[in-house]
Amino acid sequence: MAVGSVLAFWAVAFLLIVVPGADWVFTIGAGLRGRSVYPAVSGLIVGYAAITLIVVAGVGALVAGSPAVLTGLTFVGGLYLVWHGAMTFAHPATPDAPAGGPAGTDWNTFLRGIGVSGLNPKGLLIFLALLPQFTDPHGAWPVAGQIGVLGLAFMATRALFYLCLGILTRTVLHSRPAAARLVSRLSGAAMIGIGIWLLTDHLLG
């Protein structure tokens, strides 16, 4: 596929990545745990990899075109974000205490990352609306292959950005436990707000 198409998609995708959202909140919380941010970022990327595979397989269009399926996915995703935000708010991360209580292991962090990105129907709709615009039905590569390449570019950029965000958060706040607790609680409240907005926007709007 044309390099220009990949670069154009990357530019648009980067603008979407730098806009704060649930992924930002989750990554900041992981950075405040005082451990590696790799499990959190890996979980986020695996979630987006699953969405990419869904779109490549053509199932994403079916989900987007079915109000009942999309509503159910939105409900689960919204509830998950509210639950995770409430846990973060109740058990704020500090440099010497994991967020979310005693269960804040690397494995749980990885699984939560998958949930944050993979259960977000907004991410699915962004992929459905954005990726096809940068593909060429008459190109030498099949559309599924083009979507796969664009998805890989999106995931690589997202991984690099969130690794930097998590490491920066850890570096700046690691020696400031009071500020770390405040940022963690604000992150939890933001995730709760995002989850509630997601529920009300799709289920009540």
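How far apart do the end C-alpha atoms of residues 143-168 lie, and what percentage of the span is helix? The distance between these end atoms is 37 Å, and the span is 100% helix and 0% strand. The model is a predicted one, and the points below are grouped by topic.

**Overall architecture**

- The protein chain contains nine helices and zero strands.
- Read from the N terminus, its elements follow the order α-α-α-α-α-α-α-α-α.
- The chain has 205 residues, of which 44% count as buried.
- Among contacts in the chain with a separation of 6 or more, 85% are between residues 24 or more positions apart.

**Annotation from the record**

- An unreviewed UniProt entry carries the annotation "transmembrane region" for residues 6-26, 38-63, 69-90, 110-131, 143-168 and 180-199.
- Residues 143-168, one of these annotated stretches, form the span that is 100% helix in the model.

**The pairing of H2 and H3**

- Helix H2 covers residues 22-31 and helix H3 covers residues 38-57; the two pack at an angle of about 155°, and their axes are 9 Å apart.
- Because angles over 145 degrees count as roughly antiparallel, H2 is roughly antiparallel to H3.
- On the H2 side, the contact involves Asp-23, Phe-26, Thr-27 and Ala-30, which meet Ala-40, Leu-44 and Tyr-48 of H3.
- By class, the residues of this contact comprise five nonpolar, one polar and one charged.

**Asp-23 in H2**

- Asp-23 is located in helix H2.
- With a relative accessible area of 5%, Asp-23 is buried, because the term applies to values under 20%.
- The side chains of Asp-23 and Tyr-48 are joined by a polar contact of 2.5 Å.
- Leaving aside residues up to four places away in sequence, Asp-23 touches Leu-44, Tyr-48, Val-116, Ser-117, Arg-158 and Tyr-162.

**Gly-113 in H6**

- Gly-113 belongs to helix H6 and is buried, its relative accessible area being 0%.
- Apart from residues up to four places away in sequence, Gly-113 touches Phe-26, Ala-40, Gly-43 and Leu-44.
- Of these, Phe-26 in H2 and Ala-40 and Leu-44 in H3 also take part in the contact of H2 with H3.
- Gly-113 and Pro-39 are 74 residues apart along the chain, and their C-alpha atoms are separated by 7.9 Å.

**Two buried loop positions**

- Leu-32 is placed in the loop between H2 and H3, and its relative accessibility of 3% makes it count as buried.
- The C-alpha atoms of Leu-32 and Leu-173 are separated by 7.0 Å, although these residues are 141 positions apart along the chain.
- Asn-120 lies in the loop between helix H6 (106-118) and helix H7 (121-130), and it counts as buried at 15% relative accessibility.
- A separation of 8.9 Å is found between the C-alpha atoms of Asn-120 and Ala-22, which are 98 residues apart along the chain.

- Val-76 lies in helix H5, which covers residues 67-90.
- Val-76 and Gly-195 are 119 residues apart along the chain, while 9.8 Å separates their C-alpha atoms.

Conventions. Residues are numbered from 1 along each chain as its sequence is written. This is a predicted model: local features need pLDDT of at least 70, side-chain atom pairs count only at pLDDT 80 or more; totals for chains, interfaces and linings use all residues. Side-chain values use heavy atoms; hydrogens and water are left out. UniProt positions are given in the numbering used here, feature names are shortened, and annotations may be inferred rather than shown by experiment. Helices (H or I, at least four residues) and strands (E, at least two) are DSSP runs, numbered from the N terminus. Axes are lines fitted to C-alpha atoms, for helices over the stretch in contact, and angles run from 0 to 180 degrees between N-to-C directions. Angles under 35 degrees count as roughly parallel, over 145 as roughly antiparallel, 65 to 115 as roughly perpendicular and the rest as oblique. Contact means heavy atoms within 4.5 Å. Ala, Val, Leu, Ile, Met, Phe, Trp, Tyr, Cys and Pro count as nonpolar, Asp, Glu, Lys and Arg as charged, and the others, Gly among them, as polar. Buried means under 20% relative accessible area, exposed over 50%, partly exposed in between (1.4 Å probe, protein chains only). A polar contact is a pair of N or O atoms within 3.5 Å; within protein, one must be able to donate a hydrogen and the other to accept it, and residues adjacent in sequence count only if both atoms are side-chain atoms.
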